[in-house]
Amino acid sequence: MSSSRVNAVFYAESYHPIQAGSIDGTDTLPHDNGVYRAFLCSSAGLYDPFGDPKATGDPYCTVFVGRLNHLTTEDTLHKNVIRSMSKYGRIKSLRLVRHIVTGASRGYAFVEYETEREMRRAYEDAHHSIIDDCEIIVDYNRQQLMPGWIPRRLGGGHGGKKESGQLRFGGRERPFRAPLRPIPLDDLKRLGIPPPPEGKYMSRFQVPPPPRRKKSSVDREDRYNKDGYVDGEEFSHKRSSLDREDRHHERSSMERDDWEEHSHKRSSKDKKRSSIDREERFHKRSSGDREEQRSHRRSSGDREEQWSNKRSYIHGEERQRSDSRSSTYWKEHSHRNYTDRERERERESHKRHRHSTDSHGHGH
């Protein structure tokens, strides 16, 4: 087995009590009563991570601060904790968890920031810092963001001490080790335990990223600030700066080989995306051209139809005019002929009358 495999680790993305009690995440049986109790609570659904009325605020903007001094009071809380944690951003709220009976500090607190970017800065930089002469640990809000989470008081969690023999693995402080034995994939699948990510292990010097908010929610958070809507230029500037910080964090936290592989995959995705965009633009352009040709043909057909209707209307009017002229002409011509015939008849009758008169005169 290579030394890189021996020093490789991985972190839990979802919580399973039996896996959390295993040093390499491949155990299929609970090895202590706490794990068994947590497994029963998980199977029966006895724990509701959103049932705590005190757990208010945005979980994506909240960090867990553990291993605080148990002698911390309200004065020292606001004097030391807020002063130390406000270096990474604007603090919106702070909640120190106390014992439900005695009211004493349980040694951990939840700090909520104004934005998710400030929370990530505190998550990366405040880990293992000193507050009240104690070295603290900083983690994201696993109670509301980690699927299947079971707290320490029910046998779960990611803490524990070696003296108690109830260590829990998979968290930021104590990750899983890469398995050195064959992985029982069938048994893990039967129990619903996620198998180790073979080929995607991390080193101990890499920082596991906290869960990200969905893209639409991130856009809404960046688009709206405390006063209202942010204009497009400021929104794009904030988004670009956030992207630059995330890329810088990924480069510093990943090894060179992993980064080259990641950049290669990203370039191939960009090429695929660009080719798809070109095809979509070509398809839209061709469909637009076809629509334009259809509309042009339709408009030309409408113009021809209108012109033909106009021509038929003009020919109809001309035909009516010619018919009216011809009818007027024939009427006038027939009246003229009738008048001429009447005149001829009058002349003939007049001639007959004169002739009869002359013949009677000669007879006398």
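**A walk through a predicted model**

Start at Q143, which is placed in helix 6 (residues 142-145). Helices here are DSSP runs of H or I with at least four residues, strands are runs of E with at least two, and both are numbered from the N terminus. This is a predicted model: local features need pLDDT of at least 70, side-chain atom pairs count only at pLDDT 80 or more, and totals for chains, interfaces and linings use all residues. Residues are numbered from 1 along each chain as its sequence is written, and side-chain values use heavy atoms, with hydrogens and water left out.

Is Q143 buried or exposed? Q143 is buried, at a relative accessible area of 14%. Buried means under 20% relative accessible area, exposed means over 50%, and partly exposed lies in between (1.4 Å probe, protein chains only). Beyond residues up to four places away in sequence, Q143 touches Y47, P49, D52, A55, F110 and W149. Contact here means heavy atoms within 4.5 Å. With P49 there is more detail: a polar atom of the Q143 side chain lies 3.1 Å from the backbone oxygen of P49.

Now turn to the rings. The structure holds 6 aromatic pairs. One of them joins F64 and Y108: the ring centres are 5.5 Å apart and the planes stand at 40°, so the pair is tilted. Rings of Phe, Tyr and Trp (its six-membered ring) pair if their centres lie within 6.5 Å; planes under 30 degrees apart count as stacked, over 60 as edge-to-face and the rest as tilted. F64 lies in strand 2 (residues 62-66) and Y108 in strand 4 (residues 105-113), so the pair ties together parts that are 44 residues apart in sequence. F64 is partly exposed at 22%, and Y108 is partly exposed at 24%. Elsewhere, F10, F176 and Y201 form one aromatic cluster.

Next, look at the backbone. Most residues other than glycine have a negative phi. R67 has a positive phi, near 65°. R67 sits in the loop between strand 2 and helix 4 (74-85), and is partly exposed at 46% relative accessibility. H128 also has a positive phi, near 65°. Its loop runs between helix 5 (116-125) and strand 5 (130-131).

Finally, consider confidence. The mean pLDDT of the protein is 78, and 63% of its residues reach 70 or more. pLDDT is the predictor's confidence in each residue, from 0 to 100. Over residues 226-238 it stays under 50. Where pLDDT is low, the predicted coordinates should not be read in detail.

How values were computed
Polar contact = N/O pair within 3.5 Å; in protein donor to acceptor, adjacent residues only side chain to side chain.
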